[in-house]
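Colleague: I'm new to this one. Can you walk me through it?

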Amino acid sequence: MNFETICVSPEDELNFSAAVRALQEGEVVGMPTETVYGLGANALDPEAVKKIYEAKGRPSDNPLIVHVASFEMIDPLVSEITPVAKILMEAFMPGPITIIMKKSHLIPDIVSAGLDTVGIRFPVHPVAQKLIDMCGLPIAAPSANLSGSPSPTKAEHVMKDMHGRIPYIVDGGECQVGLESTVVDATGDWPVVLRPGAITIEDMEQVLESAGMRNPKKDLPQDISDIEGETAAILEGAAAGADPLNTPISQAFTVAEDETPRAPGMKYRHYAPSCPVKIIGDKTGDDFDNYYVYYKQEIMEALLAENTPVGLFVGEEIAENLKILFANKNEEIIYYIYGDSEDVEAASHHLFDGLRTLDEIHVKMIIAPAFPEKGLGIAYMNRLFKAASESDAPVAQKSKRKIMFVCSGNTCRSPMAEAICRSIFHSTGPHHMIEDPETEATLEVTSAGTFAEPGVEFTKYTVDLAGYEYEEDLSGRTSQVVTDELISDQDLVLCMTADHSKYLRFKYPDMGDRIFSLQEIIDHFTIPNLSGEVTDPYGFEYLVYMDTAKQLDTIIREILPEILKSWGMD
């Protein structure tokens, strides 16, 4: 992946046609929908779909949604359309809904994550329809963000995450909905919501009952039949492994670690910015009149703790009052105003843009309001809960961090990087915690190999270079292979190549947000004019080792200050 990514206007016929051809030729293209932007590829081509996972850094047991531009495109992709699925298709397609059905032999396992079902979506967005129609292919497309980060609702969001990873992004303007589609399993005799969205279970029940269908749960014993709406959907299976009576509705759409999710967003880290997110309110909305007080309390605590700037995802009326109260704190309080304070549609529409915008300003914490868990509020709270519970940065910064460099055999490049990093850290120190200058910051650096044979001595040139040039003693050190225990102990894993990072993210999906290739970490911090390419010197003469050391030295001197800063270290 090394593209000069072009952002294409739908009116630019030449480049729009080039984006269509790219899809037809097996490349990945960023595309708009009414929900969020998608990262599309030919759903019938396993090699093309593989590039989606590579671009996103996405675990391959997370299924993809297949997008179509007509009802006629659906029939060949599925082996069965149940009566429930047929009614939902007629009522809500095209629109922000994904319907899970039994797949046909045309859908590769890489699209369905090995499941016998596939999610079909018919977007209403005219640009998406035009792109799919001109392409003439069903398009597999997850959200067009790096795996785990907030979903993109503008073309510029896609560009930030995907620049250099894909050839084209089609700009269809800001997404109308702003949250991903409702995902509903329609393989049975009643729909089961797997991911909440703008179309609710109540919407679906209404059209199904109008068509003469009846919820089988309503014929169950009285103690269950009294439970209706979204809670019924959870009891029907959306809350796999959870206790639905003790779990907030919006948090119940998840699966166990050892289970393959039936829909995106059910398992892995998702929607989270790099800073902590705090939800205020009682999650019922009954006390919305008190939300101004809650914001005020959180701001006061942040100011007292000097944990600023603090970012507010906030309604207009509350923001105006807070601006008056904290008129002299303009630089310490950043406002993202989503609309009327009690407008859940506006809050949902702007949630991902708000999280991204505030995070890019490098606020220390984001404060966002709870909404009643009903209707669209369930989808909003589902995304917000994930952002709040899975944000990277804890409030309390750790003063000791660990970095591991990884290559294949762990005899030359990765130990050389280990020695160079340790030397640079020591020579530029002592380092301290930014928020607590009296606390010294420490860094432990190690190295390993993806396919290393344990106990092999580091190459002589690696040991000599580390000692002569960096005063780091690697003599007697031997290779070690990456293990579960070793990698889980690291705060950051830096790989020599994208192949190494892809392999480790595939093998350790829960560590995906800590694993980067050198080029990926450079791109992450948007460091200009710096290449992450490093020559493998194994088997070559000393001068080649010196060139490799020089390349690593240049990279590490640029990325290390950014890494330390992100950890709250000077």
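**A helix and its buried side**

Modeller: Let's start with helix α6 (residues 155-162), where Ala155, His157, Val158, Asp161 and Met162 are buried, meaning under 20% relative accessible area with a 1.4 Å probe and protein chains only. It's a predicted model, so local features need pLDDT of at least 70 and side-chain atom pairs 80 or more, while totals for chains, interfaces and linings use all residues. Residues are numbered from 1 along each chain as its sequence is written, and side-chain values use heavy atoms, leaving out hydrogens and water.

Colleague: Which residue just after α6 takes a positive phi?

Modeller: Helices here are DSSP runs of H or I, at least four residues, and strands are E runs of at least two, numbered from the N terminus. Just past the end of α6, a phi of about 90° belongs to Gly164.

Colleague: How are α15 and α19 placed to each other?

Modeller: Helix α15 (residues 460-470) and helix α19 (residues 542-566) pack with axes 10 Å apart, at about 55°. Angles under 35 degrees count as roughly parallel, over 145 as roughly antiparallel, 65 to 115 as roughly perpendicular and the rest as oblique. So α15 and α19 are oblique.

Methods
Axes are lines fitted to C-alpha atoms, for helices over the stretch in contact, and angles run from 0 to 180 degrees between N-to-C directions. Buried means under 20% relative accessible area, exposed over 50%, partly exposed in between (1.4 Å probe, protein chains only).
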